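Have a look at the model first, and then we can go through it together.

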Amino acid sequence: MAQFKELVFSGVQPTGNLHLGNYLGAIKRFVSMQDTHDCIYCVVDMHAITVWQDPKELARQIREVTAAFLAAGIDPKKHIVFNQSQVSGHAELAWVFNCVARMGWASRMTQFKEKAGKDRENASVGLFAYPMLMAADILLYRATHVPVGEDQKQHLELTRDVAQKFNNDFSASIAEHGFGEAFFPITEPLIHGPATRVMSLRDGAKKMSKSDPSDYSRINLTDDADTIAQKIRKAKTDPEPLPSEVEGLKARPEADNLVAIYAALMDVTPEAVLAEHGGSQFSGFKTALVDVAVSKLAPVAGEMRRLMADPAHIDAVLVDGADRARGIATETMNAVKDIVGFVRAR
Ligand code: TYM
């Protein structure tokens with residue numbers, strides 16, 4: 001992939017409360033990639049409407065995810081922060097990809113099956129086409145690296161398949177237009193660290209998610225210190241003390257999850273957590289976890305509240321980010337139109 005400049009892209013949906021899984025699996029990692037890469041972070045509002053959203057609430061949530069990005073430490077001047085619907089290239093490229101991807105590929109997506117549930121006939125066409133829009137999000141910027149949680153792995157595999165098939169289907173035209181052997185990079189998913197799959201606090205076999213009916217299953221980024229403490233104290237555990245080695249976490253999903261959360265919050269490995277806390281009872285470990293969680297999350301929540309009090313500032317950040325994103329997107333779309341054979345103004 002030598003010909004592609006390294007670029008990071010990732011997105012978060014503005015639906016429901018942001019939780020600790022979004023923070024540790026994605027947003028916190030977005031922050032650390034800023035030192036080594038050019039980054040584009042997108043509030044994917046067009047993805048959100050694949051399921052009906054209350055318009056006022058959608059606008060609020062777009063601003064809230066943006067506030068979370070900024071509060072966590074993303075720098076919107078050095079990098080790009082914007083909401084997807086302000087850059088029309090996402091929808092345009094998604095259409096081209098709808099025609100490149102195969103029905104079979106989209107039909108295999110487990111997230112569609114989960115979200116559509118039993119009543120598949122009644123799911124929106126957009127929900128089915130969602131992975132092609134996601135491929136477009138990434139490839140519109142010809143991004144090479146995408147930090148995400150584990151639940152997005154299959155969508156990133158489809159993104160790679162779409163890029164590969166586009167490069168093959170149009171190889172002659174790509175070369176003719178001076179783009180060499182491949183127009184799109186084969187994007188690398190970055191699914192790293194101890195918290196790529198944060199589990200529910202009520203059930204170690206279920207992913208922590210926005211849609212779980214129990215608020216005690218997750219820590220929301222906007223929860224105050226008391227709520228965080230209460231949720232951690234009530235988190236499901238088993239009766240054994242913590243093991244001293246990670247091997248000992250294997251058949252203990254709840255213990256494994258709390259250790260992973262602690263490790264990710266502290267930026268250390270689960271091994272290091274167990275070196276310190278192995279042999280402790282959960283009551284003691286939970287007290288330590290509450291301290292860490294509150295000290296790391298409360299400042300983010302406080303800054304989010306401060307930013308949300310000035311929506312005009314957030315909107316200005318998004319408009320500025322969208323202007324810069326559009327610059328890159330327009331170049332890609334012009335090239336894609338030439339490669340595909342569409343006629344356009346010169
Ligand atoms: P979304 O909005 O559901 O989640 C945002 C990010 O949070 C991660 N995540 C988790 N990580 C660890 N543990 C969990 N329990 C957990 N729950 C969520 C997700 O993996 C994701 O990284 N389709 C995407 C949004 C998207 C996107 C993109 C991402 C649209 N276009 C292009 C990357 C590149 C989604 O629904 O994420």
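Which strand and helices each supply at least two residues of the shell around the ligand? They are strand S1 (7-12), helix H1 (20-33) and helix H7 (125-139). Helices (H or I, at least four residues) and strands (E, at least two) are DSSP runs, numbered from the N terminus.

A word on the ground rules: this is a predicted model, in which local features need pLDDT of at least 70 and side-chain atom pairs count only at pLDDT 80 or more, while totals for chains, interfaces and linings use all residues. Residues are numbered from 1 along each chain as its sequence is written, and side-chain values use heavy atoms, with hydrogens and water left out.

**Around the ligand**

There are 28 residues around the ligand, and those that come nearest are Gln 13, Tyr 130, Asp 137, Asp 151 and Val 198; a residue counts as near if one of its heavy atoms lies within 4 Å. The shell divides into 12 nonpolar, 11 polar and five charged residues. In this scheme, Ala, Val, Leu, Ile, Met, Phe, Trp, Tyr, Cys and Pro are nonpolar, Asp, Glu, Lys and Arg are charged, and the others, Gly among them, are polar.

| Residue and its atom | Ligand atom | Distance |
|---|---|---|
| Asn 22, polar side-chain atom | oxygen | 3.1 Å |
| Gln 152, side-chain N or O atom | nitrogen | 3.0 Å |
| Val 198, polar backbone atom | nitrogen | 2.8 Å |

**Two residues with positive phi**

Arg 142 is found in the loop between H7 and strand S4 (145-147). Its phi is near 45 degrees, a positive value in a residue other than glycine. Asp 267, in the loop between helix H11 (253-266) and helix H12 (270-277), also has a positive phi, near 60 degrees. Are these residues buried or exposed? Arg 142 counts as partly exposed because its relative accessibility is 26%, whereas Asp 267, at 62%, counts as exposed. The cut-offs are under 20% relative accessible area for buried, over 50% for exposed, and in between for partly exposed (1.4 Å probe, protein chains only).

**Elsewhere in the fold**

Gln 34 lies in the loop between H1 and strand S2 (38-43) and counts as buried because its relative accessibility is 12%. The side chain of Gln 34 reaches the backbone oxygen of Gly 73 at 2.9 Å.

Trp 105 belongs to helix H5 (residues 103-107) and, at 18% relative accessibility, is also buried.

Finally, Asp 315 lies in helix H14 (residues 311-340) and is partly exposed at 27%. Its side chain makes a polar contact with the side chain of Arg 63 (2.7 Å).

Definitions and conventions:
Polar contact = N/O pair within 3.5 Å; in protein donor to acceptor, adjacent residues only side chain to side chain.
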